[in-house]
Amino acid sequence: MNTSASNRYASIDLDVLGQAVADLEETLNGLHQWLPGLERDFAYFGVDTASLNRLGAAKRELDSVVPDLRERHRRAEILLVHQSNYRLHGEDGVVHFTGDLIDGNGHVSHQIHDQTSRPPGEVNQWWTGLGDDEKNYLTEYHPYLLGRLDGVPVSFRDQANRAVLAHEIERLRHELSRLINPPGLDTPLYFDGRPVPPTDPMAHLPRLQEASRLGQRLPGLLAIQERLERTDPPAYLIDFSTQGLGRTVISIGNPDEADNVGTYVPGTGSQLDERINTDIRRADIMFDDAHDAAKSSSTAVIMWLGYNAPQDVILDVQNPSHTAWSPSRAESAAPNLRRFQETLRVTHIEGNSHNTLLGHSYGTTVIGHAAKEGDIHVDNLVFIASPGVGVNHVSDLGVDAGHVFATTAHGDPILFTPDRILGTQPSSNRFGLHTIDGTIGPTYFRSNPGGHSSYWDNGNKARNNFAYIITGQYGFVR
Amino acid sequence: MDDETPPMVPNPMKAALEQVLKRAQRALDDIMDITGPAETIGVGQGWTGSVAQDTYDHSLAPAANDISTSRTDLITDIETSLGAMDDLVPEDVAELMQAELNSR
């Protein structure tokens, strides 16, 4: 931890303060026990009471301050649990905080926990009311909470999530080393606290499986870190978690400041491993194309992996909800996506930006479910290689049909997905989109022939159309 | 010897005050100096920051000083009073003193 940064804040060493409070309480108890009797004796025998009066004054002072100290210690203990949960701070038993832990409005360290259940607008209002010192303190000492708090500006979430990312990389490396370093033959092996005989290869399987999982996860984290380190254009880590399949929301450009904001939702197979590189790269491509298409306005393109994408296309009869054949992952993701789009509106500076949601493959299914079940807070929907979006007609999406776009390339096997699986494909005539050659612009646009992932290849006309839609130049969409 | 001079006996008031002295000495075993604990706050590492410093300056340091000085003065004050008392008093005076002490 940066010691010079931590000196900006107050601190409590729980062991030292705890002992001090115990000693003060012992003396205070002694004063309560002995002073009344001594006062009677001194008065009876006419002994000078000046020293006794001073002890009385000390007793009154300690009566006031010791409970206060005890309460501060208690609150610091709670703070230590919060800060040390992720082992970012607090391992030395010292907590750092801004201001006064006993605050009539509740210290920000406690306030932030109350924010996690509130709508983004209320969180943003709370955040706006904080002082700079408080904001910096929460960013430094509560990054795991702040980094995922919808309603906090992107720049602060990015700072917090970068710290979380660095910490998770270190943690994963440490854990991997522990799992794969081969012990000596005479050294007992332990996994999950249980001894493992060194001669039993099957007994090592869980350990090696865990090592394999972490070994696949680490390249994903490093890919994110590498992209963040590049600053032309700058990237912002809006959300991040290594729980489950992982969660990554990374923006090329700052959406709080951009005129145009595109959110790209990837599909089946996406998770926090080395494949995240592909999805980040697509966001970069769409950012560059949008910038080239409209240099007079600013754009941000977000890669939103804020849900557990299905990992298999092939139907798994044991776990059908885990595959792309089931809408269940999309249904679960829909509220998160709507909330995220609402958050973009809340934190944007100076009015609304022009917002577009683009989904690829199962990502379109997520978008469709989000749109049909509530206000999606965007201007456009773009369905790329969609197997179905949870509705059978564009009018069921709750979005102006003139701002719904779709494309599927000839040769993309997604065209063979039956309607009964995830709903009518947007590329189908039955869905209600149509191709228009004219000044208004078509809502179903063509892509170059190719496979399921070809839409971002060099020279694919789909890229031009993505850029035009993101920047609001609908008349150029072909 | 003059038959009308009452005999001199130990001063019961002084004996009682000597008991107070012993109680005061036991009290000081429980009323310990708090200078060390107080200095962990504001000045030391127990609790740092401006609020901690204010708490030390305005509450803990004065209380610690009062306790520290009073621990010595308390015994001195009693011993001063003891020194001003007669060791012996007439027996009849002692009886009156004892009666009063018993009625406390």
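Residues are numbered from 1 along each chain as its sequence is written, and chains are lettered from A and ligands numbered from 1 in the order in which they are written.

**Chain A as a whole**

- Chain A has 14 helices and 11 strands; helices (H or I, at least four residues) and strands (E, at least two) are DSSP runs, numbered from the N terminus.
- Of the 478 residues in chain A, 53% are buried. Buried means under 20% relative accessible area, exposed means over 50%, and partly exposed is in between (1.4 Å probe, protein chains only).
- The accessible surface of chain A is about 21,000 Å², and carbon and sulfur atoms hold 49% of that. Such areas come from the Shrake-Rupley method with a 1.4 Å probe, and for residues only the protein chains shown count as cover.
- Among the contacts in chain A with a separation of 6 or more, 69% are between residues 24 or more positions apart. A contact means heavy atoms within 4.5 Å.

**How confident is the prediction?**

- Chain A has a mean pLDDT of 87, and 88% of its residues reach 70 or more; pLDDT is the predictor's confidence in each residue, from 0 to 100.
- Over residues 1–5 of chain A, the pLDDT is below 50, and this stretch has 5 contacts in the model beyond near neighbours in sequence.
- Residues 436–442 of chain A also stay under 50 in pLDDT, and the model has 15 contacts for them beyond four places in sequence.

**Helix α5 of chain A**

- Which residues of helix α5 (residues 120–128) of chain A are buried? They are A:P120, A:V123, A:N124, A:W126 and A:W127.
- These residues sit on the same side of α5(A) because they cover an arc of only 160° around the axis. The arc is that of the directions from the helix axis to the C-beta atoms.
- The face of α5(A) turned away from the buried side carries A:Q125 and A:T128, which are exposed.
- The packing partners of the buried residues of α5(A) include α4 (108–115), α6 (132–141) and α8 (154–180) of chain A.
- In helix α6 of chain A you can find A:N136, which counts as partly exposed because its relative accessibility is 33%.
- Not counting residues up to four places away in sequence, A:N136 touches A:R8, A:Y9 and A:F156.

**Nonpolar cores**

- The largest nonpolar core has 87 residues, and those touching the most other members are A:I224, A:Y307, A:V366, A:L381, A:L397 and A:F466. A nonpolar core is a set of buried Ala, Val, Leu, Ile, Met, Phe, Trp, Tyr and Cys residues joined through side-chain atoms within 4.5 Å.
- Another core, of 72 residues, lies apart from it, and among its members are A:L38, A:L146, B:I31 and B:I78.
- Leaving aside neighbours within four places in sequence, A:V366 is in contact with A:V265, A:W304, A:Y307, A:A330, A:A333 and A:L337.

**Aromatic pairs**

- There are 13 aromatic pairs over all chains. Rings of Phe, Tyr and Trp (its six-membered ring) pair if their centres lie within 6.5 Å; planes under 30 degrees apart count as stacked, over 60 as edge-to-face and the rest as tilted.
- A:Y44 and A:F45 make an edge-to-face pair, 5.0 Å centre to centre with 85° between the planes.
- A:W304 and A:Y307 make a stacked pair, 6.0 Å centre to centre with 10° between the planes, and both residues are buried.
- A cluster linked by ring pairs holds A:Y264, A:Y455, A:W456 and A:F466.

**Backbone details in loops**

- The peptide bond from A:D232 to A:P233 is cis, with omega near -5°, and A:P233 belongs to the loop between α9 (205–229) and β5 (235–241) of chain A.
- A:S361 is not a glycine, yet has a positive phi of about 60°. A:S361 lies in the loop between β9 (354–360) and α12 (362–372) of chain A.
- A:A385 also has a positive phi, near 55°, in a residue other than glycine. Is A:A385 buried or exposed? A:A385 counts as buried because its relative accessibility is 0%.

Definitions and conventions: This is a predicted model: local features need pLDDT of at least 70, side-chain atom pairs count only at pLDDT 80 or more; totals for chains, interfaces and linings use all residues. Side-chain values use heavy atoms; hydrogens and water are left out.
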